[in-house]
Amino acid sequence: MLNYSIVDVFSEGKYTGNPLAVFRNAGNLSDAEMQQIAKEINYSETTFIVSESITNNYYDVRIFTPKEEIPFAGHPALGTAYVIQSEILTESVEKVILNFKGGQIPVTFNPQEGVLWMTHNEPIFGRILDAHHVLDVLNVAKEDIDSRFPIQEVSTGLPDIIVPLKSLEAVRKVKLNSAKYFDLINQTEAKAIMVFAPETYHSVNDLNVRDFAEYYGIPEDPATGSSNGCLAAYLVKYRYFDNNKINIRVEQGYEMERPSLLFLRASDDHGIINVCVGGRVVKVAQGEWFV
């Protein structure tokens, strides 16, 4: 029997943001058992805290989508840190470090604003793609692409293809062509595609984004911390806001009726890019899982 919690991450209230199931003391589970539980949960990701005892100043955590294990993802990092802080630790701390297959991710807590922040790995900028590579994949026209900026693979732990669009209308009309999508990602390291535009549903926000990762069993994700980390690095590298620093609000998930809010902070200091992604976490349920 395992204890588990369900939380909504990058959420402004219950039943918004990206849902996450977090299992505790899962060290005795096999890979196959973790995978089967993730399929049963059928969220975008499910996390397993290997042990509630801290080891070498960090907690070992594994992440599974309904289809496979992945090295890193953003909303599992924040949601798991929240569960460690609220359910496992006996006193409040300012920071916990999560040890994923993709590296160690520090998560800090800001009780005043109720936001958890995770520090991403140093970004890696990969292949630049021509617009024709993504038009049929996304069902957009060449005129929808913001040609001032490149279409590029970026990774801060999990690679993503970043596609700049001109308008919210262009973002809304995106419809993933699965066959064309798999044709594309068979040629790229990144298996997810993020589109974004500077027009938003709410004027207090700075960007609207959508993220597609059918390769991982996630046709569209309501809130994606890893992809937004890639986006933050991209924005400062190419001075999207005419500055080498950003502190912005990003909305996601509106087309899925799971409105989400992410906070992005990033800076580019002579080519050294630092990225932090933040969001709020709301607890939905907890219980016991029989194995």
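## Basis

Local features in this predicted model need pLDDT of at least 70, side-chain atom pairs count only at pLDDT 80 or more, and totals for chains, interfaces and linings use all residues. Residues are numbered from 1 along each chain as its sequence is written, and side-chain values use heavy atoms, with hydrogens and water left out.

## Overall fold

The protein chain has six helices and 18 strands (DSSP runs numbered from the N terminus: H or I of at least four residues for helices, E of at least two for strands). Its C-alpha trace spans about 55 × 40 × 30 Å along the principal axes.

Of the 291 residues, 56% count as buried (under 20% relative accessible area; exposed is over 50%, partly exposed in between, with a 1.4 Å probe and protein chains only). Among contacts with a separation of 6 or more, 64% join residues 24 or more positions apart (contact: heavy atoms within 4.5 Å).

## Cavity

The structure holds one cavity of 30 Å³ or more (a set of points on a 1 Å grid over the protein atoms alone where a 1.4 Å probe fits but cannot get out; lining residues have an atom within 4 Å of a point). The volume of the largest cavity is about 100 Å³ (the space filled by probe spheres set on the points, which are joined across faces, edges and corners).

Its lining has 14 residues, with Leu158, Asp211, Ala213, Thr224 and Ser226 nearest the centre. At least two lining residues come from each of β13 (207–213), β14 (218–221) and α6 (225–237). By class, the lining has seven nonpolar, three polar and four charged residues (nonpolar: Ala, Val, Leu, Ile, Met, Phe, Trp, Tyr, Cys and Pro; charged: Asp, Glu, Lys and Arg; polar: the others, Gly among them).

## Loop residues

Pro259 sits in the loop between β15 (245–252) and β16 (260–269) and is partly exposed, at 29% relative accessible area. Beyond its neighbours within four places in sequence, Pro259 contacts Thr16, Gly17, Gln252, Gly253 and Tyr254.

Most residues other than glycine have a negative phi. Glu257, in the loop between β15 and β16, has a positive phi near 60° and is exposed at 70% relative accessibility. His270 lies in the loop between β16 and β17 (272–279); its phi is positive, about 55°, and its relative accessible area of 81% makes His270 exposed.

Key: 1 Å grid on protein atoms, 1.4 Å probe; cavity = no way out; pocket = protein on both sides within 12 Å on 5 of 7 lines; lining within 4 Å.
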